Amino acid sequence: PPVVAILGRPNVGKSSLVNRILGRREAVVEDVPGVTRDRVTYQAEWAGREFTIVDTGGWEHDAKGIHARVAEQAEIAADLADVVVFVVDAAVGPTATDEGVVKLLRRIKKPVFLIANKIDDFNQEPEAAALWSLGMGKPYPVSAIHGRGVADFLDDLMEKLPEHSAYGGMIPSGGPRRVALIGRPNVGKSSLLNKLAGSERVVVDNLAGTTRDPVDELIELGGRVWRFVDTAGIRRRQHMSQGADYYASLRTQAALEKAEVAVILLAVDERLSEQDIRILNTAIEAGRAIVLAFNKWDLMDEDRRRYLEREIEQDLAHVEWAPRVNISAKTGWHKDRLVPALDTALESWDKRISTGKLNAFLGELVAANPHPVRGGKQPRILFATQVSARPPRFVLFTTGFLDPGYRRFITRRLRETFGFEGTPIEVSMRVRE
Ligand code: GDP
């Protein structure tokens, strides 16, 4: 379906308008940082036509200026939308920020609908007319809260919507999947990001990178849009000074918090370091889907290959379940392999095993491999269930504590049987007397 991006300052009523279009009552609370950024797209329908709404939300109340946020929204709109809906608070009138948006929209060169919101009754219509001054064409007088004027606007919107979107199929229904690119300084994170974003973007982002705060980057890969989270920390030159490690680790944490899947970058021109492993383990502990990317493969030679094999066997044995890709961020070699690896990891991360299947599997496994008898006792597994996904978590109800070795055995077979490639899984026990 075609894509409609909604732009506007905080508190102009964007969320109310989105809810009105979707025909919902509940408000999306946009004032709480982080609440709307998770859900950026919605499927909407009007007059029998479907379209995708991209809420460019993501406003956060922090020290950085509002203009940076506007630029970010406009960039998303420019990249993804077929039509842009620009919401202004008509009761307040055009602000400097609104005028900034207008400047950006002129450059984007896409159809724009100007919504004069908060026109709750007829007497306020002159306030809407005042927005002609923005030079964005006809202001639509709307009351998102009461619904006034929304139908007229939507009727006109339908006429401007293209039949087929240049972008629509690229946005997954739950919104773009969120990817964190992490790794120690100099493994090639920013090189890879630039390579993935394409050369055109690099110029823009290098300029913007000097002023922008932690920002997400929307990048099209393999015909879909992905959200690379917290990329500002990657773009900024990493000054090696005292405490740099500390800040790097804070950034890693922040990115992981927002991400669904982590691409752990490791560089093959050096030995794996403790820091590499620590970063990897942080991602596993955070319960994120994991992809291991071995970068700088253009520098690979026989010696390094031998090291690497040993390192994979020793230091990476605990993540033998993670998909591995060999890449060169410098040349772009194998960058296409990232998408299938991300897909595999996320599919596992999302997976739910029905209780029936799970218990059938365990029944057979335990019958063939009973728990060893300890002190005349043999704990039994009564029942198992998957209590959650993302990542998958299982609970075993047992008659006594299972040996750690036995638990590992069960976890491993669970992995192999159901194919949890690329996701940590957690198996815990509840002992029933
Ligand atoms: P970051 O700190 O993780 O963002 O790493 P950078 O992307 O800044 O890269 C650090 C250095 O490694 C730079 O000099 C890059 O040019 C270099 N580099 C990154 N990726 C590759 C690669 O695939 N091959 C080679 N030969 N050099 C690379």
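Trainee: Which strands does helix α10 lie across?
Mentor: Keep in mind that this is a predicted model. Helix α10 covers residues 274–285 and runs at about 170° to β10. The strands that it lies across are β7, β10 and β11.

Trainee: Happy to start there! What is the order of the six strands in the open sheet?
Mentor: The sheet is open and its pairing is mixed. Read across, its order is β8-β9-β7-β10-β11-β12.

Trainee: Which strands stand at the edges?
Mentor: Look for strands with a single partner, since one side of each is then left without a neighbour in the sheet. That picks out β8 (217–221) and β12 (324–326).

Trainee: How many bridges join β7 to β10?
Mentor: Strand β7 spans residues 177–182, and β10 spans 261–267. Ala 180 stands opposite Ala 262 in β10. The two strands run parallel, and the number of bridges joining them is four.

Trainee: How many residues of α11 are buried?
Mentor: Buried here takes 20 or more other C-beta atoms within 10 Å. Helix α11 is hardly covered, and among its 13 residues the buried count is zero.

Trainee: Which element has the lowest mean pLDDT?
Mentor: The chain averages 84, and 82% of residues score at least 70. Strand β11 has the highest mean, 98. At the other end, with a mean of 36, is helix α7.

Technical notes. Residues are numbered from 1 along each chain as its sequence is written. This is a predicted model: local features need pLDDT of at least 70, side-chain atom pairs count only at pLDDT 80 or more; totals for chains, interfaces and linings use all residues. Two strands pair if DSSP finds at least two bridges between them. Two residues are in contact if their C-beta atoms, placed from the backbone, lie within 7 Å. Axes are lines fitted to C-alpha atoms, for helices over the stretch in contact, and angles run from 0 to 180 degrees between N-to-C directions. A residue is buried if 20 or more other C-beta atoms lie within 10 Å of its own, exposed if 12 or fewer, and partly exposed in between; C-beta atoms are placed from the backbone. pLDDT is the predictor's confidence in each residue, from 0 to 100.
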